[in-house]
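Here is a short tour for anyone opening this structure for the first time. Have the sequence and the 3D view side by side as you read.

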Amino acid sequence: MKVDVDKEPEPEMRTCDGETCPLNLMPEGTSDDKTTNGGMDDVISLGVSRDDIVIILSGLYGILLVVIGLVLPIAETFVRTDSRQNYMFEFFYIYVYTAGLAFLLFIYVFLLRTEPLPTPNWLCSVYVWLRSRISGAKPETEEVIAKKPKQKISYNGALHETGSSFLRLGAVGFGIGGMVLDVLYFGQYFEFEDNHRFCLDATQILKPIIKFCFSFSQLFFVFRNSKVSILQHSSVARFGFMHMSAANVCVWFRVIVVETLHSIHSYQKSHHYALLNSTKTVKVNETEMSYFPALPELSCQWSNLIGKVLRSASPYLYPFTIEYSVICAGIFFVLWQNVGTKAKRTTTNGDVTHNHWISVDCGSSSRGLFLGILTFIASLISMILFSVVVNTDDDSHVIVLVVYLCEIVTYAFMIVATIFAVWRMRHLQFSRHLTEELETILAWLSFSGLFMFSVFSIFAAVYFIDTLEGALTIVTNCFAMIQATLQTMLLIMGMGMSAGNQTNATKKEGREFITFLLLCNITMWGNTTFQIKDAAHNPVQLQFYGPEAWGIFTHVSVPLSIFFRFHSTVCLSHIWKHAWKIKRL
């Protein structure tokens, strides 16, 4: 073996960020200007980059914001209306909405804008000088900076998917319902009675306006730019997206607290009036009736037109706000994860295009379509009978039993259809790369709400198992849990399926069952919205838990149950459209 003694042995090399670098470290006491520059590179040499620090800090900021948003609505209920601390609660939500609007404005002005903003020359010179002083590098001229192509955003090939187009369309529908509720809260300001100075304060008219602008701007951004990946100003983008996600969680929880207390107060008020009308000797405690928590939605009373409309529409509109907040919180969290991730096929700023072509193949769907229509008609008739008869004392007990029987039959058909769909789709090709993480998380989250409602109902019905209502309640909720469990498994697996070959793409085996399940979930979506959350639909649960506890349970679980049916419709639509197509994995 020939050895060259004059040439020093080269150090072992390894690959670092696409370049080769020596594996051995430099001796102590020596330094290199390229590796110890400005202090920040010392942090990078230890394995922790600035992006890692920003990710940690933005995550902690989001947790802090969520915790405050969880604590404040509960703490607000223990404060009197005439207390000065009321403004602290209101200013927190004004900050949440205002900071979110400021971040969206920053995104549109500095990142999504097709033309650069006009910048004075002296400001560019100051920026170049500060950048050279901080980084220690040689100052670059303005011409060199202008020649460098700067890609600000990317739309294709993000690390995590933000859901299908059906999910964004659902966000539009739920967002509209939530904004209608904001407008009603804004209109009631002009009908407040002059009982409390706090109710007539400017914050009570400012907060609904800012919230409406926040919801509308957020809806526009989610619908148009939900697949964007921010490549510049990554630190601001991470804090901003985490703020938006946490803000939606805060809105979600506040709506639950407000509507729960509102239902409890309405029940107590009607109960007092019923006692007053039945026995003339009973005197309502005026001190108890006049006490309201510091929540302005409850403490500020109204009696005119908009107030009556809000009282009637709020039980149906508040789930829209919750479901809209859940979708937006998930989308912004995924956008937070996608910050700084480049696509394989990038799109430079100014060349952004949005394709909205939709092609639909309705083959192998007719039988499931018409069976689903029959199920929808039967459920619609039961809902009409329930809404008409339940407000009277005549035969309301019989109608509730009929509604339970209709639900049991529907769940039974859905269970059979789910099993047959899984069996007929067993020849399709499954790939984890086709599944979307956000859709899976939303499926499990909404499933937990339905499971919670069913478990509470079953535990209450066990003590009334010797009655017909108790037995039907147990059977109905057991069927609901079984169907939801099987359907959740089908959704998660079906989102990652494709035809694999031309034979499966032509036959489309199992598609008629997916069509039937899609229509059945739309039916159960309406059933959950208009029937299940009604107190008359749950006499056993109301008798066992009481109005206060059952009001809390339903306001936490029922909106998620409603969202489960909607989200199942979204996922089934995606499966119906994409599972029988040949895709290159």
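## A helix with a nonpolar face

Let's start with Ile384, which sits in helix H12 (residues 366-389). Helices here are DSSP runs of H or I with at least four residues, numbered from the N terminus. Ile384 is partly exposed, at 46% relative accessible area; buried means under 20%, exposed over 50%, and partly exposed in between, using a 1.4 Å probe and protein chains only.

Ile384 also belongs to a nonpolar surface patch, along with residues including Leu369, Phe376 and Val388, and the patch has about 1100 Å² of accessible area in total. Such patches take residues with over 30% relative accessible area and no salt bridge, and join nonpolar side chains (Val, Leu, Ile, Met, Phe, Trp, Tyr) within 5 Å. A salt bridge puts a side-chain nitrogen of Lys or Arg within 4 Å of a carboxyl oxygen of Asp or Glu. The areas come from the Shrake-Rupley method with a 1.4 Å probe.

## How to read the model

This is a predicted model, where local features need pLDDT of at least 70 and side-chain atom pairs need 80 or more, while totals for chains, interfaces and linings use all residues. Residues count from 1 along each chain as its sequence is written, and side-chain values use heavy atoms, leaving out hydrogens and water.

## The nonpolar cores

The largest nonpolar core has 62 residues, and Ile107, Phe221, Ile230, Phe241, Ile327 and Phe332 touch the most other members. A core is a set of buried Ala, Val, Leu, Ile, Met, Phe, Trp, Tyr and Cys residues joined through side-chain atoms within 4.5 Å. Among the helices giving it two or more residues are H3 (86-111), H7 (203-225) and H8 (234-278). H11 hands over the largest share, 13 residues.

Another core, of 23 residues, lies apart from that one, with Tyr411 and Trp576 among its members.

## Aromatic pairs

How many aromatic pairs does the structure hold? There are 27. Rings of Phe, Tyr and Trp (its six-membered ring) pair if their centres lie within 6.5 Å; planes under 30 degrees apart are stacked, over 60 edge-to-face, and the rest tilted.

Phe106 and Phe110 make a tilted pair, 5.1 Å centre to centre with 35 degrees between the planes. They are about one helical turn apart because four residues separate them in helix H3. Phe221 and Phe241 are tilted too, at 6.3 Å and 40 degrees. This pair links distant parts of the chain, helix H7 and helix H8, and both residues are buried.

Terms used: Patches are made of residues with over 30% relative accessible area and no salt bridge: like charges are joined within 9 Å, nonpolar side chains (Val, Leu, Ile, Met, Phe, Trp, Tyr) within 5 Å.
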